[in-house]
Amino acid sequence: YHGYGMVAMRHQEYKIKDTELTIDVYDMGDPLSAFGIYSSERAPEYQYLDIGTEGHGEDAALDFLQGKYYVKLSAVRENGSAAPLLATCAAQISKRIGGGKTMPEGLKLLPAANRVVHSEKFIKTAPLGHSFLAPAYLASYTFDGKPTTVALSLAANAAGARSRAEQMGKQFTKLGKLVPRPDLGPGATQGSSTYEGEVVYVARGRYLVVVVDPPADKGSFLKTLIGAIPEAD
């Protein structure tokens with residue numbers, strides 16, 4: 001939580017008839033950081049709810065994102081499900097927060113086709129295991145039943161994105177193979193290693209676009225990815 005810049009946290013416990021309820025409200029400083037920590041603790045298979053910007057819940061727990069806040073509720077009930085109580089409390093908290101019900105703008109750069117719903121993340125520390133790629137948006141895709149991971153590494157400017165591309169090249173030169181792939185797009189490079197697998201990457205504007213285990217039609221997919229990203233800083 002501190003890695004995502006947590007500013008403050010409010011913890012409160014309640015006893016309501018046969019139910020013990022705990023509520024934690026995390027002020028993460030800004031909506032992007034809040035999305036980052038929220039997305040790091042969710043999974044595509046969860047049961048998603050219409051609460052806040054996005055939320056998910058079950059009988060004994062409910063978590064949701066809204067604005068700069070990440071809210072976590074949990075309950076222990078002697079008999080039956082605590083889900084109705086959790087939903088009621090979450091709705092009250094959401095109303096008090098007010099507004100802030102939009103996802104980060106950067107997620108719009110990720111193509112919707114073949115993307116695994118609710119797989120998107122914002123990583124502030126070592127995306128794909130590399131600190132020089134931080135921060136980055138990540139998302140999972142499937143093509144013909146095979147997984148692909150996309151990272152949009154966000155630099156301060158175009159020069160920073162190119163610098164990250166150079167660092168990627170050094171990694172593959174040292175640990176695997178590196179091949180220029182102009183046929184996939186201007187500046188595109190393909191690397192492979194035992195640890196990383198196959199990776200295609202290219203700098204575009206402020207972003208270093210990285211595709212891990214790219215699909216068979218990698219050129220078309222990479223073109224779609226970079227097509228959504230402005231060339232300017």
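**Cores, sheet and loops of a predicted model**

Leaving aside neighbours within four places in sequence, H130 is in contact (heavy atoms within 4.5 Å) with M168, Q171 and E196. This is a predicted model, in which local features need pLDDT of at least 70 and side-chain atom pairs count only at pLDDT 80 or more, while totals for chains, interfaces and linings use all residues. Residues are numbered from 1 along each chain as its sequence is written, and side-chain values use heavy atoms, with hydrogens and water left out.

H130 itself sits in the loop between β7 and β8. Its relative accessibility is 8%, so H130 counts as buried; here buried means under 20% relative accessible area, exposed means over 50%, and partly exposed lies in between (1.4 Å probe, protein chains only). That loop between β7 and β8 also holds P135, and the peptide bond leading from A134 into P135 is cis, with omega near -5 degrees. A126 is placed in the loop between β7 and β8 too. Its phi is near 50 degrees, a positive value in a residue other than glycine, and A126 is partly exposed, with a relative accessible area of 29%. A positive phi also occurs at H118, again a residue other than glycine, where the value is near 70 degrees. H118 belongs to the loop between α2 (83–97) and β7, and with a relative accessible area of 19% it is buried.

Turning to the protein as a whole, there are four helices and 13 strands. These elements are DSSP runs numbered from the N terminus, with helices being H or I of at least four residues and strands being E of at least two. The C-alpha atoms fill a box of roughly 65 × 35 × 30 Å, taken along the principal axes. Of the 233 residues, 45% are buried. Among contacts between residues at least 6 apart in sequence, 53% join residues at least 24 apart. The accessible surface comes to about 12,000 Å², and 52% of it belongs to carbon and sulfur atoms; areas come from the Shrake-Rupley method with a 1.4 Å probe, and for residues only the protein chains shown count as cover.

The interior can be described through its nonpolar cores, each a set of buried Ala, Val, Leu, Ile, Met, Phe, Trp, Tyr and Cys residues joined through side-chain atoms within 4.5 Å. The largest of these has 46 residues, and those with the most contacts inside it are V150, L152, M168, Y201, V209, V210 and L222. Elements giving two or more residues to this core are α1 (31–40), β7 (121–123), β8 (136–143), β9 (146–154), α3 (158–175), β12 (197–204), β13 (207–212) and α4 (218–227).

T19 lies in strand β2 (residues 19–27) and, at 4% relative accessibility, counts as buried. Not counting residues up to four places away in sequence, T19 touches Y14, A75, V76, R77 and L85.

Strand β2 is part of an open sheet of six strands, in the order β1-β2-β6-β5-β4-β3, with antiparallel pairing; two strands pair if DSSP finds at least two bridges between them. The edge strands, each pairing on one side only, are β1 (8–16) and β3 (48–49). Two bridges join β3 to β4 in the antiparallel sense, and Y48 has H56 of β4 as its bridge partner. Strand β4 (residues 54–57) in turn pairs with β5 over four antiparallel bridges, with H56 opposite D63 in β5. The hairpin that joins β4 to β5 passes through three residues.

Strand β5 (residues 61–66) has five of its six residues buried, so it is largely enclosed by the rest of the structure. With strand β6 (residues 69–77), β5 forms six antiparallel bridges, and Q66 has Y69 in β6 as its bridge partner. The hairpin of β5 and β6 has two residues between the strands, and in it G67 takes a positive phi near 60 degrees.
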